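Please consult the sequence and structure shown below.

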Amino acid sequence: MADFFSEWWGIGISIVVAISMVACVVLLWSQSKVKVKVGADGKPLPAETTGHVWDGDLMEQNNPLPQWWKWLFYLTIAFSVVYLIIYPGFGARQGTLGWSQVGAYEKEMKDGEAQYGPIFNKFLAMDIKDVARDPQAHEIGQRLFLNNCAQCHGSDAQGGKGYPNLTDNDWLYGGDPKTIELTITEGRHGIMPPMGAVVGTDDDVRNVANYVLSLSNSAHDPIKAAIGKPKFAACAACHGADGKGNQMVGAPNLTDKIWLYGGDINTIMETINKGRNNQMPAHKSILTPGKIHLLAAYVWSLSNTGNAASVSDADTNALRQITATAATPDASNVVK
């Protein structure tokens, strides 16, 4: 805690913990001193009840805790004292064992790397295409994908609105193995600025949208498309004069019928007017180079089925354990 704020934060927490523990002892001791006073008839006096009465004569009495219950609470307090001596919890104090969540995590990761590192290193030394043909590597890559990529691209890798389909051959930045590996490692940030003001009026935007649809022979208004063609010059800087895109900047190919957000006239107009801002986070801080290499091979194999490995059911449980240490990143938007 002191690392995030100041040394006084740890001191403040220590004071709160100490006061709370002392208060529990005092409260327990004070309540154990309560005695029930009875009258000459052997019944509790009215002053020794809580004042709650049911069914005419059922009263809630202010009795002390049973002895076994009281000593159980004392043992709990004693246990907390021992715990705070051994483990962290008393402000910024680390505890006599020096245990921490970060240290436990790092140890588990180190143990996992020692056990499974040689497997990943073996595949890291291989060409990605050769890795994609290996049944064991394919199974590991699939588990890595399910743990890290399926949240956005789907378990079948076919994506959704705003999340690219990884099973076809349409790529924003390129679908060769090295480019995929770079995308996973460094992430991507694709931005299309709002172009409505540049294109002109709402009618101009609609005309350009019709021209964009005409590039892929989709349903459109030919007259409006012809009017919008000159205005497309504002888009050609990224998408090219022929509308086939530019993988250097991640500009989509507009001549096919593959759309990241939808290919209807209203969605295209929305894209022109408002732009798009997509980001896939870098995974280099989450996955080791060996895991990224395996993951890239698996992703590449999804759109190159002729080179994909035939995965058997042998050792499936063991392979699942290999990928158990893979962390799950934040959701991503763009790979393709």
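Helices (H or I, at least four residues) and strands (E, at least two) are DSSP runs, numbered from the N terminus. The model is predicted: local features need pLDDT of at least 70, side-chain atom pairs count only at pLDDT 80 or more, and totals for chains, interfaces and linings use all residues. Residues are numbered from 1 along each chain as its sequence is written, and side-chain values use heavy atoms, with hydrogens and water left out.

**Aromatic rings**
- Rings of Phe, Tyr and Trp (its six-membered ring) pair if their centres lie within 6.5 Å; planes under 30 degrees apart count as stacked, over 60 as edge-to-face and the rest as tilted.
- The count by this rule is 8 aromatic pairs. One of them is the tilted pair of Trp 71 and Tyr 74, with 5.2 Å centre to centre and 50° between the planes.
- Trp 71 and Tyr 74 are about one helical turn apart because they lie 3 residues apart in helix α2 (residues 67-86).
- Phe 79, Tyr 83, Tyr 87 and Trp 99 form a cluster linked by ring pairs.

**His 283**
- His 283 belongs to the loop between β4 (276-280) and α13 (289-302).
- With 2% relative accessibility, His 283 is buried (under 20% relative accessible area; exposed is over 50%, partly exposed in between; 1.4 Å probe, protein chains only).

**Confidence**
- The mean pLDDT (the predictor's confidence in each residue, from 0 to 100) of the chain is 85, and 85% of the residues score at least 70.
- Confidence is lowest in helix α14 (residues 316-322), at a mean of 46, and highest in helix α7 (residues 177-186), at 97.
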